[in-house]
Amino acid sequence: MRLIFREVFLSFRRTPSLSALSIITIAFALFVVGLFGLVAVNLRLALADIEERVEIVMYLRRGTPRAAAVAARADIRSFPEVESVEYVTADAALERARSELVEFRDVFGDLVTNPLPASLEIRLKPGFRDGQNVALVAQRLTGFRFTDDVRFGREWIAKLDRLRDITAAIGLFVGAAFALASVIIIGTTIRMAVIQRASEIAIMRLVGATDGFIRRPFLLEGAIKGALGGLAAVALNFAAHQAVNRTLIETSFFSDAQAGLIVLFGTLLGLLASALSVRKHLRQV
Amino acid sequence: MIKFNKVFMAYPKGSLALKDASFHIKKSEFIFLTGHSGAGKSTVLRLIYAEHQPTSGEVRVSGYHTTGISSRETSKLRRRLGIVFQDFRLLVDRTTEENVAFALEVTGTRRGVIGPKVMRVLTQVGLAGKARSYPGQLSGGEQQRVAIARALVNDPFVLIADEPTGNLDQRAARGVFQLLQDINTNGTAVVLATHNLDLVRRANYRNIELQDGEIVFDSGNDTREDMDE
Ligand SMILES: Nc1ncnc2c1ncn2[C@@H]1O[C@H](COP(=O)(O)OP(=O)(O)O)[C@@H](O)[C@H]1O
Ligand SMILES: [Mg+2]
């Protein structure tokens with residue numbers, strides 16, 4: 001084991017520029033992936049914020065008895081998709097309108113009879129706040145006898161869904177493209193390292209070193225470079241995040257687990273790339 | 001110990017490099033493998049150290065059948081062989097003792113025993129005083145001695161040498177040959193591929209002569225002994 005670390009260290013010392021180059025390319029690739037990740041993280045937070053406000057409003061027919069509304073509320077609460085149901089009486093609706101729509105306070109104040117209907121405001125559980133589930137629940141709500149109207153911004157929710165889908169798709173695509181690019185770059189640097197050490201490898205073979213033994217330092221080298229690249233990428237992302245915060249808008253950074261995941265991803269990427277490259281190029285030595 | 005039985009060897013894009021070769025090398029034997037360039041000497045050696053596998057026939061080395069041998073078994077086999085070449089194949093960025101120690105390190109030898117083993121073989125080849133020199137600071141003859149020391153350090157039962165004197169002047173060549181003879185005297189078999197007839201004439205060892213991939217002469221061929229083992 002000590003020997004392997006010595007070999008890895010030697011390879012860094014023997015080819016400092018090559019080693020630095022591969023770390024930088026991995027760092028850059030993961031930095032770009034990370035940037036996208038940051039956008040995705042912040043977009044997701046923003047979406048969650050918006051989704052938080054997604055609700056279905058079920059207007060009740062005028063004259064619906066309070067007992068019927070309360071019973072319906074209990075019924076709707078038991079839907080698996082539903083998080084909470086709030087019963088807003090006609091009086092409460094008027095009160096709310098008065099306080100929220102300050103400009104029309106006088107208008108509301110002058111009213112003799114309350115023009116606003118009572119309603120049930122339904123909030124769905126986090127996993128069910130997409131267009132399909134919202135429409136499904138709304139459909140079910142129209143089945144109540146005393147339902148006057150159900151409103152839920154169908155278009156708007158559908159757009160939100162699409163935005164999230166597009167975000168995910170671009171993320172996957174960009175991530176995959178850069179992962180592939182770094183695999184190729186790491187593979188190339190490992191290939192150069194293998195070629196550079198061809199005479200050593202040939203001698204190792206000659207004196208009876210096993211293939212596993214010959215491969216190990218390259219794999220370790222790839223993994224270490226990947227990990228260093230991942231760390232550098234996290235640092236770069238943090239710098240970018242700080243710069244955006246200072247100049248543009250307040251954004252969130254990765255959680256420790258997400259940052260760890262980037263480093264882990266870099267490590268695995270380095271390992272995978274060197275494994276592929278070593279397997280292919282050791283045969284040619 | 002090393003046994004070729006009706007061995008044919010064809011390279012992927014080449015004609016037959018070895019045709020119907022059969023011979024048996026016994027323990028502690030010294031063998032010359034002679035013939036013109038392209039006769040098939042290196043091919044025979046590569047078959048012994050399982051760099052190649054025979055196209056047909058069988059090669060047996062120390063109990064291993066090299067046909068279909070796994071890479072793990074090949075490693076095990078090579079730890080029991082010592083191999084040297086015309087071009088020495090030393091690592092130029094390592095000293096004499098590091099070059100020799102390399103063979104032990106990469107085969108998982110305990111660190112504690114590496115130093116003494118290296119000094120022992122360097123003394124044996126007469127280079128104890130140059131342990132800290134780099135290959136570039138050594139003469140051709142000395143470099144070949146380092147290569148021989150590296151080949152010996154794992155205590156092989158046979159030393160395989162492919163034109164080891166090809167890059168050396170006559171004096172150095174004779175010195176290396178003398179070293180190989182000493183090694184053989186200590187009980188290690190030696191298979192020496194060479195077209196240096198000066199050496200062949202200097203000692204009365206068994207000579208297997210190849211011509212266009214065929215064994216045309218074998219001074220020590222004894223088919224009866226081929227049968228046992
Ligand atoms: N790797 C190879 N690929 C194709 N042909 C080869 C290869 N190595 C050797 N040969 C051919 O095999 C024959 C024997 O070569 P070799 O064993 O190297 O001869 P020697 O060592 O006696 O000079 C020659 O005709 C040579 O051209
Ligand atoms: Mg040859």
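How many residues of chain A are in contact with how many residues of chain B? Chain A contributes 17 residues and chain B 21, contact meaning heavy atoms within 4.5 Å.

## Basis

This is a predicted model, in which local features need pLDDT of at least 70 and side-chain atom pairs count only at pLDDT 80 or more, while totals for chains, interfaces and linings use all residues. Residues are numbered from 1 along each chain as its sequence is written, chains are lettered from A in the order in which they are written, and side-chain values use heavy atoms, with hydrogens and water left out.

## Interface

About 1,600 Å² is buried between chain A and chain B, with 58% given by carbon and sulfur atoms; buried area is the accessible area (1.4 Å probe) that two parts lose on being put together, summed over both. In chain A, the most area is lost to chain B by A:Ile203, A:Leu206 and A:Val207, together 39% of what that side buries.

The rule finds 1 salt bridge across this interface (a side-chain nitrogen of Lys or Arg within 4 Å of a carboxyl oxygen of Asp or Glu). A:Glu200 and B:Arg94 meet in a salt bridge through their side chains, at 3.2 Å from N to O.

## Largest cavity

The structure holds 3 cavities of 30 Å³ or more; on a 1 Å grid over the protein atoms alone, a cavity is a set of points where a 1.4 Å probe fits but cannot get out, and lining residues have an atom within 4 Å of a point. Residues of both chains line the largest cavity, among them A:Leu206, A:Val207, B:Arg78 and B:Asn154.

Terms used:
On a 1 Å grid over the protein atoms alone, a cavity is a set of points where a 1.4 Å probe fits but cannot get out, and a pocket is an open set with protein on both sides within 12 Å along at least five of seven lines; lining residues have an atom within 4 Å of a point. Grid points are joined across faces, edges and corners, and a volume is the space filled by probe spheres set on the points.
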